[in-house]
Amino acid sequence: MPNMHTSPENPGHTKLRDAVREFADREIAPHIGRWDRESRLPVELVHQMGQLGLFGLTAPEEYGGSDLGLTGLSIAVEEIGRVDQSVGITLGAGVGLGVGTLLAYGTDEQKNRWLPDLVAGRTLGAFGLTEPGAGSDANAMSTTAELVDGEWVINGAKQFITNSGTPITSVCTVAARTGTLPDGRPELSAVIVPTDTPGFVVEPLHDKMSWRAVDTHALRFEDVRVPEAYLLGERGNGFKQLMICLNTGRVAVAALATGCIQAMLDLTVEHAGVRPTFGGPIGRKQGVAFQIADIEVMLQASRALTYRAAALKDEGAPLDEFRRASSVAKLYATESAVTATRIAAQVFGGYGVMEDGPIARFYRDAKVLEIGEGTSELQRMLIARGLGLPVE
């Protein structure tokens, strides 16, 4: 088997990688084809991942976590992503956007109420940012939260929200307009909304090309009322808070892409070594072998960039340095994953486009990696701005 990893791991991280790899091979790999066809991820799998400690990787022990940091989360997401991308992003979003937002900005009361169950995998948290008419441009957000008699009254809609409609989803952090700033821009804040609140409406499951086994819905808020104390962090600071959390999410997506690339390398090396053509395996042909060699290069570069970004976060590096590293890792790894799946489909030929094999599923799943948690175009803009360029 090709080189599996070169990440900066301590003994706890190495033990985690071994445990998650064994879990993924045993509990996910045999079933994911069916879950993909059914567009369903079973709740019991989330509970199993919780029992393994995967939803508590970034949380401190006081909430039931193991505090293995973003490096730990990246290891788990990569190893699951090597087997399946849908389960990988369910974990990545559940930790980065569900647990992570509360850890970073929640009050003690908010943390004590929701984190223990989220960390244990008994419940899931969601993060409502994208809207039908507003994605990367958060200033175009139209969802509103008005403070009335000590309650936030929320109206609006969100789109493509992961983990938002499962039977165990307990809470959704909602980004909303809470006023207007002196310069005319919207004041954006984040408000915690329990999913059993009247007026919280979950639309039918999206029918997707990618991540078919991921729970993804549109949401509607019809005069949703929650206490004023459910404001997450500071009023008017919501955009900054959410962008900081997205930096962590981008590293998780880069780890997911790295797992995808690893899968493509493993599968193409095996196939090219046994698939006969003109009296020998196709791997002896330079046209095939050189493309597989390119996957190995993309894998090593993606893994190095991903774990460098994770280490910067864990070591408390300056925010600007971490932000740039997360964008670089996300951009390179996700675009490499798309290329790797294209190469794998070509190496496998007709078998590569059959839905009864893994290549077609990985091929479909790879595309969304370039879109979710900030598109490739947005990452290039952020990187360019970090270099001092006045790009718009």
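This is a predicted model: local features need pLDDT of at least 70, side-chain atom pairs count only at pLDDT 80 or more; totals for chains, interfaces and linings use all residues.

Contact here means heavy atoms within 4.5 Å. The buried residues of α11 pack against α7, which spans 238-274, and against α9. Those buried positions in α11 are S376, L378, Q379, M381, I383 and A384.

Helix α9 covers residues 319-348, and T341 lies in this helix. T341 is buried, because its relative accessibility is 1%. Apart from its neighbours within four places in sequence, T341 contacts C260, M264, F362, Y363 and A366. G350 sits in the loop between α9 and α10, the latter being residues 358-369. With 49% relative accessibility, G350 is partly exposed. Its C-alpha atom is separated by 48 Å from that of P60, a residue 290 positions away along the chain.

Just after the helix, G388 adopts a positive phi of about 95 degrees. L387, L389 and V391 make up a nonpolar surface patch, and together they have about 270 Å² of accessible area.

An unreviewed entry gives residues 126-224 as "domain: Acyl-CoA oxidase/dehydrogenase middle". In the model this span is 54% strand and 0% helix, with its end C-alpha atoms 16 Å apart. The unreviewed entry also lists "domain: Acyl-CoA dehydrogenase/oxidase C-terminal" for residues 236-387. Residues 236-387 are 78% helix and 3% strand, and the end C-alpha atoms of this span lie 27 Å apart.

The next topic is charge pairing. Side chains of opposite charge can pair when their charged atoms come close. Across the whole structure, 24 salt bridges are found. One of them joins the side chains of R21 and E79, at 3.2 Å from N to O. This pair links distant parts of the chain, since R21 belongs to helix α1 (residues 11-28) and E79 to helix α4 (residues 69-81), 58 residues apart. E79 is buried, with a relative accessible area of 1%. R21 and E79 also belong to a network of salt bridges that links R17, R21, D25, E78, E79, R82 and R303.

D117 bridges to R122, and their closest N and O atoms are 2.7 Å apart. D117 is partly exposed at 31% relative accessibility, and R122 is partly exposed at 45%. R323 is partly exposed, at 28% relative accessibility, while D320 is exposed, with a relative accessible area of 54%.

Which cysteine sulfur is closest to that of C172? It is the sulfur of C245, 13 Å away, which is too far for a bond. A disulfide would need the two sulfur atoms within 2.5 Å. By this rule the model has zero disulfides. From the side of C245, the closest cysteine sulfur is likewise that of C172, at 13 Å. C172 is buried, with a relative accessible area of 0%, and C245 also counts as buried, at 6% relative accessibility.

How values were computed
Residues are numbered from 1 along each chain as its sequence is written. Side-chain values use heavy atoms; hydrogens and water are left out. Buried means under 20% relative accessible area, exposed over 50%, partly exposed in between (1.4 Å probe, protein chains only). UniProt positions are given in the numbering used here, feature names are shortened, and annotations may be inferred rather than shown by experiment. Helices (H or I, at least four residues) and strands (E, at least two) are DSSP runs, numbered from the N terminus. Patches are made of residues with over 30% relative accessible area and no salt bridge: like charges are joined within 9 Å, nonpolar side chains (Val, Leu, Ile, Met, Phe, Trp, Tyr) within 5 Å. Accessible areas come from the Shrake-Rupley method with a 1.4 Å probe; for residues, only the protein chains shown count as cover. A salt bridge is a side-chain nitrogen of Lys or Arg within 4 Å of a carboxyl oxygen of Asp or Glu.
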